Structure formats: C-alpha cells, structure tokens
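Take a walk through this structure, one contact at a time.

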Amino acid sequence: MVNNVCVLGATGMVGQRFIQLLSQIPDFNIVNIAASERSAGKRYEDAVNWHQTTPIPEEVRDMKIVNTDPNEVADDVDFVFASLPAGLAEPVEAAFAEKFIVASNASVNRMKENIPLVIPEVNPEHLEMMELQKDINGWDGCIVTNPNCSTIALTLTLKPLFDKYNFKRVGVTTMQAVSGAGYNGVPSMGILDNVIPYIGSEEEKMQSETLHLLGERDGGVVQKANFPLSASCNRVGVIDGHTESVSIEFEDDDVTVEDIQETLSEFRGLPQEENLSFAPEQPVIVRKEEDRPQPRMDRDAGHGMSVSVGRIRPDVFDNSFKYTLVGHNTIRGAAGASILNAQLISKLYL
Ligand code: NAP
C-alpha cells in the first residue's frame with residue numbers, strides 16, 4: 001500500500017531527514033511540504049539550506065512549499081510527519097489531527113493521556129490509544145508521538161533486558177551530537193574544542209519517557225515502569241550520532257555479560273515480525289571490539305535504525321554492568337522513528 005504524506009517543518013534538520021528518507025521508501029509518496037511563512041510559496045530547493053550528504057530528491061526539488069495550515073494540504077494525505085519547533089507543535093498538531101494522522105517529533109504531546117508515545121519494537125500496543133483519542137476529540141485523525149532522540153536509543157537496549165530481568169536502578173550519561181539541537185541550535189564557537197554539560201529538559205525527558213515506554217497501558221493512561229533512572233546529558237562536537245554510557249544494577253544475582261550480549265543480539269520486535277521495509281534486521285547490534293561503538297563508525301548501522309552496543313562489562317558494584325551505545329539521533333532518534341511508526345500503523349490499522 002502506498003501512503004500519501006505531508007512533511008511539516010520540511011526545511012529543518014529533522015524535516016530534511018524526512019524528505020531524504022521518505023523519498024527512498026517506495027511505500028510513501030510526498031504530496032505536500034510545509035514550513036514557516038518565510039518559506040511558503042518558494043520552491044523547496046530555493047527555501048532549504050540543505051545539509052544532507054545526498055542531493056535533494058528530484059521529486060521535491062521543484063515542489064512548492066505550502067503554509068503550515070491543514071487547509072493547504074491534500075485531503076487524501078494519510079500521514080502528516082511533523083518536525084515543528086516545540087512552541088508551535090501543540091496547537092498546530094491538534095489542528096492537523098482533526099483530519100490526518102500526525103506522526104510527531106515534538107515533546108509537548110508525548111506524555112499526554114490518550115496520545116501514544118511509541119517505539120514500534122518496544123510498546124506497539126500503546127497505538128491502541130489512537131481510536132480513543134479520535135473518539136474523545138471527535139477527530140478523523142490523531143497524534144502519535146515518538147520519544148526524544150536519546151531516549152529512543154537507550155530504551156531499545158533496555159527493553160529486552162527489562163523483559164527478562166529485574167532492574168534495581170539504571171544510570172545513563174549521554175554525549176549528544178549537535179544536529180540534535182537543530183541547524184541554528186549550537187553555535188560553532190560554543191561547541192568546538194568543548195563539551196557542554198547541559199541540554200535543557202533533556203535529563204527530565206529521558207527519565208520520564210523511558211519509564212513511560214516500558215510502562216503498562218491502561219486505556220488512555222500509562223502506568224510507568226517502576227525503577228529509578230538517572231540521566232546526565234552533555235552536548236559534544238559530533239555532527240550526528242548520540243553516544244550513551246549506561247550502567248544497570250539488577251535485582252537478579254545471576255546475570256552475566258554473555259546473557260546481556262545474547263539478549264540484546266536476539267531482540268526482535270513487531271516491525272521485524274511484520275517485515276516492515278524500514279525496520280532494521282536487528283534493532284540492537286552488539287559489537288565485541290574494545291573500542292566500539294563510535295558515532296562516526298556506527299551511527300549508520302541498519303541504515304541508521306539500529307543501535308550499536310559495546311563494552312558490555314561488569315561494574316564494580318554487585319549485580320551491576322556497564323555498556324556504551326550509539327544511535328543515529330536524526331534517523332532512529334527522529335525522522336526514522338516517525339516513519340517506522342507510520343509503517344506499522346499503515347500495516348496494522350489502515
Ligand atoms: P529546525 O532545524 O530549527 O527546523 C524547524 C522547522 O520548523 C523549519 O522547517 C522551519 O521552517 C519550521 N518553522 C519554524 N517556524 C515556523 C512557523 N512559525 N510555522 C511553521 N513552520 C515553522 O528544528 P529541528 O531540529 O528539525 O527540530 C524540529 C522538532 O523536532 C523540534 O521540536 C525538536 O525538538 C524535535 N526533535 C529534533 C531532533 C533532532 O535530532 N534534531 C530529534 C528529536 C526531536 P523555515 O525554514 O521556513 O523557518
């Protein structure tokens with residue numbers, strides 16, 4: 001089935017990724033692209049400051065950008081991919097959801113009742129909230145959100161371990177790429193030769209979204225998973241690819257490094273079972289080299305949709321282990337996450 005789609009914020013860092021990735025997937029057909037009124041009316045090529053390593057796809061190069069208004073979007077659009085600034089997302093996504101399924105990257109709607117926050121391999125059953133949301137609001141469409149970029153990578157590695165073992169506590173320290181802040185997000189004079197030990201609200205998002213994703217759905221509400229999770233977030237001078245150092249203390253006293261390696265390597269989810277074309281073969285790839293994963297070497301694993309994990313080792317505390325992960329923040333952590341959500345919705349619900 002081919003789905004017609006629209007991209008909101010199509011000129012931004014995440015919007016460009018949407019354009020690049022959607023143009024490579026035959027089951028999506030880009031019919032509208034929208035941005036601010038600064039860009040509306042212009043050809044895409046004239047409005048965008050293109051930063052991808054592949055050329056602007058032919059099919060959108062000459063496409064005219066429309067205003068971010070549901071009335072300017074074709075009625076037969078199946079999915080609206082939204083990558084809007086946080087301050088705009090709440091009213092704009094609600095307006096689009098009256099008519100369309102909105103796959104959102106913004107944080108503002110993620111923790112709300114009846115709005116699914118989904119990683120397809122982790123909690124696809126939360127998509128059941130879509131119908132509830134339509135009924136409650138009287139909408140024809142709905143909003144489906146994907147988590148924050150660093151949360152997605154972390155949670156993909158925690159999910160198979162959480163299903164098998166009992167966590168006493170989890171700690172994570174991130175080293176996040178500059179593309180995560182948008183094109184104008186971090187000035188070069190601030191980040192070159194530097195590490196910035198603060199990313200506004202990021203630690204809170206990682207802590208709450210991860211427990212939400214691993215939680216149980218009860219109607220339109222989610223009972224969060226119940227273990228302490230502590231995040232420390234840093235910005236580093238890497239263009240794409242978030243690195244995270246994770247430490248887990250288990251309640252169980254019989255977990256081994258080999259168990260963790262095997263559990264992560266064997267992990268598969270609904271996108272793999274359903275053979276979705278954008279699903280990576282392995283959501284989590286275990287690296288055995290002592291100096292991997294690294295963002296430059298591993299961010300593109302599984303066409304940017306796999307998280308690479310390495311340095312799985314015992315910690316000095318009882319029943320505790322550490323590992324390092326790398327995930328592509330604008331692919332698995334943003335545009336690719338919404339696209340996989342849409343592929344799953346298309347297969348199961350449309
Ligand atoms: P960005 O590079 O700053 O792009 C913003 C986009 O929104 C541009 O297309 C811009 O269009 C458009 N826009 C700005 N003002 C607008 C207005 N008044 N009306 C309509 N459109 C407007 O930002 P980004 O990094 O792509 O992030 C977009 C969203 O995704 C944010 O909510 C962010 O938190 C979230 N997110 C980002 C990442 C990441 O890795 N970057 C990861 C996960 C989630 P013009 O070009 O016309 O100004």
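A polar contact here is a pair of N or O atoms within 3.5 Å. The model is a predicted one.

Start at the ligand. A polar side-chain atom of Arg38 sits 2.6 Å from one of the ligand's oxygen atoms. Gly12 places a backbone N or O atom 3.0 Å from a ligand oxygen. For Met13, a polar backbone atom lies 2.9 Å from an oxygen atom of the ligand. On its own, the ligand has 910 Å² of accessible area, and the protein covers 78% of that. How many residues are around the ligand, and which come nearest? There are 27, and the nearest are Thr11, Ser36, Arg38, Ser39 and Leu84.

Gln133 belongs to helix α5, which spans residues 129-137. Is Gln133 buried or exposed? Its relative accessible area is 1%, so Gln133 is buried. Its side chain reaches the backbone oxygen of Asn114 at 3.1 Å.

Now turn to the aromatic rings. A pair of rings is described by two values: the distance of the centres and the angle of the planes. Rings of Phe, Tyr and Trp pair if their centres lie within 6.5 Å. The count comes to eleven aromatic pairs. Take Tyr44 and Trp50. Their ring centres are 6.2 Å apart and their planes stand at 80°, so this pair is edge-to-face. Both residues are buried.

Phe162 and Phe227 make another pair. Here the centres are 5.8 Å apart and the planes are at 50°, so the pair counts as tilted. Where do the two residues lie? Phe162 is in helix α6 (residues 149-164), while Phe227 is in the loop between β9 (221-223) and β10 (229-235). The pair therefore ties together parts that are 65 residues apart in sequence. The two partners also differ in cover. Phe162 has a relative accessible area of 23%, which makes it partly exposed. Phe227, at 5%, counts as buried. Both belong to a cluster linked by ring pairs, made up of Phe162, Tyr165, Phe167, Phe227, Phe250 and Phe321.

Next come the charged pairs. A salt bridge needs a side-chain nitrogen of Lys or Arg within 4 Å of a carboxyl oxygen of Asp or Glu. The count is 19 salt bridges. Asp163 is exposed, at 52%.

A second bridge joins two strands. Glu249 and Lys168 have their closest N and O atoms 3.7 Å apart. Glu249 lies in strand β11 (residues 242-250) and Lys168 in strand β7 (residues 167-176), so this pair ties together parts that are 81 residues apart in sequence. Glu249 counts as buried, at 12% relative accessibility. Lys168 is partly exposed, at 42%.

Arg43 and Asp46 form a further bridge, at 3.0 Å from N to O. Arg43 is partly exposed, with a relative accessible area of 29%. Asp46 is exposed, with 52%. Neither residue stands alone. A network of salt bridges links Arg43, Glu45, Asp46, Glu58, Arg61 and Asp62.

Finish on the surface. Which residues form a nonpolar patch there? They are Met1, Leu348, Tyr349 and Leu350, and together they have about 390 Å² of accessible area. Met1 lies in the segment before β1 (3-8). Its relative accessibility is 62%, so Met1 counts as exposed.

Notes. Residues numbered from 1 in each chain as written. Predicted model: local features only at pLDDT ≥ 70, side-chain atom pairs only at ≥ 80, totals over all residues. Heavy atoms only, no water. Patch = residues over 30% accessible without salt bridge, like charges linked within 9 Å, V, L, I, M, F, W, Y side chains within 5 Å. Areas by Shrake-Rupley, 256 points an atom, 1.4 Å probe, with all protein chains shown as cover. Helix = DSSP H or I, 4+ residues; strand = E, 2+ residues; numbered from the N terminus. Buried < 20%, exposed > 50% of the residue type's maximum accessible area, 1.4 Å probe, protein only. Near = heavy atom within 4 Å. Polar contact = N/O pair within 3.5 Å; in protein donor to acceptor, adjacent residues only side chain to side chain. Phe/Tyr/Trp six-rings, centres within 6.5 Å; stacked < 30°, edge-to-face > 60°.
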